[in-house]
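Keep the viewer open as you read.

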Amino acid sequence: MEEARRSALRRGRLRLVEGLRPDVLWGPLRERGVFTSAMVEDMQSAGTRREQARQLVIDLESRGKQAFPIFLSILRDTGHGDLADMLDEGCGSPMSPPVDLRPVQLELPGERRDKSVRTTEYLSIPVQAESERFRMPPAPAQGSAVDKSDHRLVYQLRADPCGHCLIFNNVSFSPDSNLSPRAGSDIDCEKLEKRFRSLCFNVQTLRNLKAQEIDLELRKLARLDHSALDCCLVVILSHGCQTSHIQFPGGIYGTDGKTIPIEKIVNYFNGSQCPSLRGKPKLFFIQACGGEQKDQGFEVDFESPRDETCQGSIESDAIPFQAPSGSVDELDAVASLPTPGDILVSYSTFPGFVSWRDRVSGSWYVETLDSVLECYASSEDLLTMLVRVSDIVSTKGKYKQIPGCFNFLRKKFFFLCK
């Protein structure tokens, strides 16, 4: 399908999801060869009417050059004329009429049969010029990257924006909280705002919120209709601590010194609490402490030079932490995560340990995450990039830190790069 037509489908996706009645479309789409019966059944299994409509619009992009004009013709035949006009206008040029489809007779293999007995099957195949016909791409070589278009193995991000990104940036805390200002956090926030906008997210940043305000904003985000979007992302930059928990440890502080368990945060977005994000990836990035322990590491034979990060400007994001004079690195929080699928929580540090932040250049974790995304987001999946982040951060400084994640994604996740 031509890029202009794909763009028209993407721009109009929200209206299409709202207005399409898939039940009257399945028959004509199958009869006119746009989709096979198996494809229609797969889309029907997507769930609600809206979810079926969304999957139909997404899958249509991969159905060849003639699929778009045929789809417009079917829309007009089934009472969706306003949607057809919207798509037609969105292309910026008049639509050529759809090419007719005809059945192709396939003789069954084996011995010659009596002509009076019907032994043929019929398949609806678009009549296209040889140069326009779909050709199976060559199989990837062993060890090569996965095919990003394979919806069985890879989450498909085609909406623009692909999803909401909400960033909480807590820098200043109330005096009675006994939590120090998080110098350098604004640098982290600015980097992530730019990075996730470049990765096609609708980014919103909230600064210096109390625990109850953070909780309210998260619930508002979970209540939004995400049907026309492909994923959701939450970033939390704050002080953190250990908390009592059922599933996973860790919590983050509001500016009033009150905590919110990460477990509670993630559960707002599970399949039962946020139906419009069912089956879609929900990503959480937590820059905060997991506890108060400082990891001094152990001796290894380095394959690369040791990181000589300046110690004088380093802080941590834990509950009040008294570091020796001359070195102040702030600790950051642990993520917690429920059992439902399609969720990934990446935290800046191992549970129970501090997470370091430089007052001048920002946190080790965010600085490294931003650099890795810049270099590899166009070619590598998220988990592979997070391994890179862990490897790089683990070599920094006198005291050690290693990021980690709880991964409940069912497929590989590739960012949508502009």
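This is a predicted model: local features need pLDDT of at least 70, side-chain atom pairs count only at pLDDT 80 or more; totals for chains, interfaces and linings use all residues.

Helices (H or I, at least four residues) and strands (E, at least two) are DSSP runs, numbered from the N terminus.

**The chain as a whole**

The chain holds twelve helices and 14 strands. Of its 418 residues, 48% are buried. Among contacts with a separation of 6 or more, 76% are between residues 24 or more positions apart. The chain exposes about 20,500 Å², and carbon and sulfur atoms supply 51% of that area.

**A six-stranded sheet**

In which order do the strands of the open sheet lie? The order is β4-β3-β5-β9-β11-β14, with mixed pairing. β4 (201-207) and β14 stand at the edges with a single partner strand each, so one side of each is left without a neighbour in the sheet. On average, neighbouring strands here are turned by 10° against each other, direction ignored. Helix α9 (residues 211-223) packs on this sheet and touches β3, β4 and β5, and its direction makes about 180° with that of β3.

| Strand pair | Sense | Bridges |
|---|---|---|
| β3 (residues 163-169) and β5 | parallel | seven |
| β5 and β9 (residues 282-287) | parallel | six |
| β9 and β11 | parallel | five |
| β11 and β14 (residues 404-407) | antiparallel | four |

On the β9 side, Leu-237 has Gln-287 as its bridge partner. Moving on, Phe-284 is partnered by Val-345 in β11, while Ser-346 faces Cys-405 in β14.

Strand β5 (residues 231-237) has seven of its seven residues buried. Both of its faces are covered: Cys-231, Leu-233, Val-235 and Leu-237 lie on one side, with Cys-232, Val-234 and Ile-236 on the other. Strand β11 (residues 343-347) is likewise mostly covered, with five of its five residues buried. Ile-343, Val-345 and Tyr-347 point one way from β11, and Leu-344 and Ser-346 point the other way.

For a closer look at β5, pick Cys-232, which is found in that strand. Is Cys-232 buried or exposed? Its relative accessible area is 2%, and the cut-off for buried is under 20%, so Cys-232 counts as buried. Leaving aside residues up to four places away in sequence, Cys-232 touches His-164, Leu-221, His-226, Phe-269, Leu-277, Pro-281, Lys-282 and Leu-283. One of these, Leu-277, is 45 residues away along the chain, yet the two C-alpha atoms are separated by 7.9 Å.

Asp-370 lies in helix α11 (residues 364-376). It has a relative accessibility of 11% and therefore counts as buried. Which residues does Asp-370 touch, not counting those up to four places away in sequence? They are Lys-191 and Arg-195. With Arg-195, the side chain of Asp-370 makes a polar contact of 2.8 Å.

**Backbone points to check**

Most residues other than glycine have a negative phi, and most peptide bonds are trans.

The peptide bond from Asp-160 to Pro-161 is cis, with omega near 5°. Pro-161 is found in the loop between β2 (120-126) and β3.

Asn-178 has a positive phi, near 60°. This residue is found in the loop between β3 and α8 (185-198). With a relative accessible area of 57%, Asn-178 is exposed, because the cut-off for exposed is over 50%.

That brings us back to Asn-208, whose phi is also positive, near 55°. How does Asn-208 count at 25% relative accessibility? The value falls between the 20% and 50% cut-offs, so Asn-208 counts as partly exposed.

Definitions and conventions. Residues are numbered from 1 along each chain as its sequence is written. Side-chain values use heavy atoms; hydrogens and water are left out. Buried means under 20% relative accessible area, exposed over 50%, partly exposed in between (1.4 Å probe, protein chains only). Two strands pair if DSSP finds at least two bridges between them. Contact means heavy atoms within 4.5 Å. Axes are lines fitted to C-alpha atoms, for helices over the stretch in contact, and angles run from 0 to 180 degrees between N-to-C directions. A polar contact is a pair of N or O atoms within 3.5 Å; within protein, one must be able to donate a hydrogen and the other to accept it, and residues adjacent in sequence count only if both atoms are side-chain atoms. Accessible areas come from the Shrake-Rupley method with a 1.4 Å probe; for residues, only the protein chains shown count as cover.
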